[in-house]
Amino acid sequence: MKAVVQLNQRLAVKWSRLSTDFLPFADAATTELPLSRLLRLALFQVSVGMAYALLVGTLNRVMIVELGVSTWLVSLMVALPLLAGPFRALVGYRSDTHLSALGWRRVPYLWFGTLLQFGGLSIMPFALIL
């Protein structure tokens with residue numbers, strides 16, 4: 001048991017010496033936003049990536065194998081979020097820097113985005129009729 005504790009202590013010392021040399025963008029940390037908080041925020045993106053991988057696996061299995069949907073169509077649906085990524089970054093930058101007549105920055109974008117989303121969801125059942 002004592003050997004395991006010593007091994008853990010030695011590994012902890014080695015990991016602390018590793019520091020930020022091998023972490024990409026570790027120099028982005030400031031006193032207001034320390035590296036520990038940046039890494040904690042990055043965990044959200046890790047969980048999104050894991051969920052996306054599960055979704056892609058399900059889409060491949062169910063749609064291609066069992067439903068007989070063509071592979072190029074499933075690939076296009078999987079690639080759409082990646083193709084829209086630059087547009088999302090542009091809209092995010094615009095919402096952060098835009099100042100509306102009421103002095104709000106992001107709120108109009110949230111309202112109009114919500115309206116567009118629910119508008120799209122409300123017409124989705126009509127696709128079944130077509």
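**Exercise 1. In which handedness of crossing does H2 pass H3?**

Solution. This is a predicted model, in which local features need pLDDT of at least 70, side-chain atom pairs count only at pLDDT 80 or more, and totals for chains, interfaces and linings use all residues. Residues are numbered from 1 along each chain as its sequence is written, and side-chain values use heavy atoms, with hydrogens and water left out.

Step 1. Locate the elements: helices are DSSP runs of H or I with at least four residues, strands are runs of E with at least two, and numbering starts at the N terminus. H2 covers residues 35-66, and H3 covers residues 71-83.

Step 2. Take the axes, which are lines fitted to C-alpha atoms over the stretch in contact, with angles from 0 to 180 degrees between N-to-C directions. H2 and H3 pack at about 160 degrees, their axes 10 Å apart. H2 is therefore roughly antiparallel to H3 (angles over 145 degrees).

Step 3. The crossing of H2 past H3 is right-handed (the near helix is turned clockwise from the far one by less than a right angle).

**Exercise 2. Find the salt bridges in the whole structure and classify the exposure of their residues.**

Solution. Step 1. Apply the criterion: a side-chain nitrogen of Lys or Arg within 4 Å of a carboxyl oxygen of Asp or Glu. The search returns two.

Step 2. Arg-61 and Glu-66 form one, at 3.5 Å from N to O. For exposure, buried means under 20% relative accessible area, exposed over 50%, and partly exposed in between (1.4 Å probe, protein chains only). Arg-61 is partly exposed because its value is 47%, while Glu-66, at 52%, is exposed.

Step 3. Arg-106 and Asp-96 form another, with the closest N and O atoms 2.8 Å apart. Arg-106 lies in the loop between helix H4 (85-97) and helix H5 (107-123), and Asp-96 in helix H4, so the pair ties together parts ten residues apart in sequence. Both are partly exposed: Arg-106 at 47% and Asp-96 at 36%.

**Exercise 3. State which helix holds Trp-72 and whether Trp-72 is buried or exposed.**

Solution. Step 1. Trp-72 belongs to helix H3.

Step 2. Its relative accessible area is 61%, so Trp-72 is exposed.

**Exercise 4. Summarise the secondary structure and burial of the chain.**

Solution. Step 1. There are six helices and zero strands, giving the pattern α-α-α-α-α-α along the sequence.

Step 2. Of the 130 residues, 6% count as buried.

How values were computed:
Parallel < 35°, antiparallel > 145°, perpendicular 65-115°, else oblique.
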